[in-house]
Amino acid sequence: MKGSTMDKYIMALDQGTTSSRCIIYDKKGDIVSVAQQEFEQIYPEQGWVEHDANEIWSSQMAVAFEAILKAGLTYKNIEAIGITNQRETTVVWDKTTGEPIYNAIVWQCRRTADYCDELKCRGLESAIKEKTGLIIDPYFSGTKLRWILENVPSARERAENGELLFGTIETWLIWKMTGGTVHITDYSNASRTMMFNIHTLEWDDEILKELNIPKCMLPKPCPCSEIYGETKEDLFGGPIRIAGAAGDQQAALFGQTCFKEGEAKSTYGTGNFLLLNTGEKPIASNNGLLTTIAWGLGDAKAGSSEGDEDSSGEGSSKNHSRVTYALEGSVFVCGAVIQWIRDELKMLETSAESEDIARSVEDTNGVYIVPAFVGLGAPYWDARARGAIYGLTRGAGRAHIVRAALESIAYQCHDLIKAMEADMGHALSSLYVDGGASANDFLMQFQSDILNLKVIRPKSVETTSLGAAYFAGLATGYYKDLSDVDDNWQKDREFDPNMQEKTREDLLAGWRDAIDRTLSA
Ligand code: ADP
């Protein structure tokens, strides 16, 4: 049957915050077919964000059917399904009817901010950080789930009777696709719930007690690469194995093939998301970063780091050796500063044009932009800071401002990477990049210069869905091991640092000065 893998493909379901996508990959990681559908964003109150979980399900299935059809395939051609998803978004549904009892509460939703403050006042911050790797914040699923149990009539009673189930989006999709027979989550998604102990790989009883969450409604935590079950027969005309799941940022790290400790990826989208593989050890951050599970690989594939099987080991300690951890940091405003220059200041027609305009001047003429439109995140954590432009003189023009905006993206990423290096105790060897703004060669060169680090851009910047496909393909044996996956990776371009030390130091001193002036306290 060896030759049969030739006409088999992996189907990646990429369930994002604004759209559901399906991408079908061949074994080389090339795209065979894509379909995408946007769905409704629901804002019931200021600061609240919800999705209709049934619409997430129907849009995700619609794009899956469309992608299969477009490529002229049937279920028989699909080796396996891998899922990647918006993280933290919380769904609770009735175990018997499959009906959600409330809209999905989206990661962006701030409705549990007061309750999070209460948890902090009760002094729980350090215990929660130690167990989950997270700071207490409404972002994570735990307090959202609690809100549903407290506010939907009879929800708590029904949950305690075992009538309700909880899941993040991958859990919900897997449960639906298997006709309600498989209720699991993967370690990467579980590690964003603020209820999961990232050391023991189990739900944490003390946190559950604190949040008053009945354990019986929680899914079983599993590796990111494992055959969880099969789709119900009537969904695609015949069964397809569901064999991979991971949160979007973790899947992107995997899709970038950052398999080794010390490898990091930076995604330059609206915001900037950075993940650093810290290997088998979770590293607690002293610089405001999150500690999270990057992935856990199932039995067969774990050992690509040769023979780490411990036959005497048991239970969680055995699993533990198969889990890879990461440090995570994000910058709120990345490509969005270019959008602002384009749409509000009207200095650009397109985002891409920023590259030529930045190159038309030698430097920013002393101009710095700090795009703290919604405060500053890691490593500054100043919610009250607001954006500013410094160093304006009569000689400052449009090109200087555009260039300063691009440079601000690189400076913010620099600050996060320095925080990661400080937590890790040594320097990175390179940085892998993706996301919309990574197409900007000026920005990537400046990033490399200011970090004094090699910046590497792959040919495929669809790293999130590719990561999900790899997890699924590894579980079924479509890919033999990590090196088999690694063979697919192709470089588009590498940027090597090419800036005098003195210039770098002067530029960074100017940036630090601009940050100091922007901080609110
Ligand atoms: P998201 O997935 O967050 O919507 P994308 O990865 O699609 O974002 O990237 C879009 C962002 O990148 C936008 O904010 C846009 O302004 C910025 N962007 C896209 N192309 C370029 C470019 N060539 N130079 C600078 N910024 C760009």
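Colleague: How far is a nitrogen atom of the ligand from an N or O atom in the side chain of Asn-440?
Modeller: The model is a predicted one. A polar contact needs N or O atoms within 3.5 Å of each other. The ligand's nitrogen atom and the side-chain N or O atom of Asn-440 are separated by 3.0 Å.

Colleague: How much of the accessible area of the ligand does the protein cover?
Modeller: On its own, the ligand has 580 Å² of accessible area.

Colleague: Which side chain has an N or O atom 3.4 Å from an oxygen atom of the ligand?
Modeller: Ser-351 has a polar side-chain atom 3.0 Å from an oxygen atom of the ligand. The value of 3.4 Å belongs to a side-chain N or O atom of Gln-339.

Colleague: Which helix gives the largest share of the shell around the ligand?
Modeller: The ligand is surrounded by 13 residues, and Thr-270 and Gly-335 are among the closest. Four residues of the shell, the largest share, come from residues 335-343, that is, from helix 13.

Colleague: How many charged residues does the shell around the ligand have?
Modeller: Sorted by class, the shell has nine polar residues and four nonpolar ones. Its count of charged residues is none.

Colleague: How is helix 1 oriented relative to helix 6, roughly parallel or roughly perpendicular?
Modeller: The axes of helix 1 (residues 53-70) and helix 6 (residues 169-177) come within 11 Å and cross at roughly 65°. Angles of 65 to 115 degrees count as roughly perpendicular. Therefore helix 1, relative to helix 6, is roughly perpendicular.

Colleague: What is the phi of Glu-88?
Modeller: Glu-88 sits in the loop between strand 5 (78-85) and strand 6 (91-94). Although Glu-88 is not a glycine, its phi is positive, at about 70°.

Terms used: Residues numbered from 1 in each chain as written. Predicted model: local features only at pLDDT ≥ 70, side-chain atom pairs only at ≥ 80, totals over all residues. Heavy atoms only, no water. Near = heavy atom within 4 Å. Polar contact = N/O pair within 3.5 Å; in protein donor to acceptor, adjacent residues only side chain to side chain. Areas by Shrake-Rupley, 256 points an atom, 1.4 Å probe, with all protein chains shown as cover. Helix = DSSP H or I, 4+ residues; strand = E, 2+ residues; numbered from the N terminus. Nonpolar A, V, L, I, M, F, W, Y, C, P; charged D, E, K, R; others polar. Axes fitted to C-alpha atoms, helices over the stretch in contact; angles between N-to-C directions. Parallel < 35°, antiparallel > 145°, perpendicular 65-115°, else oblique.
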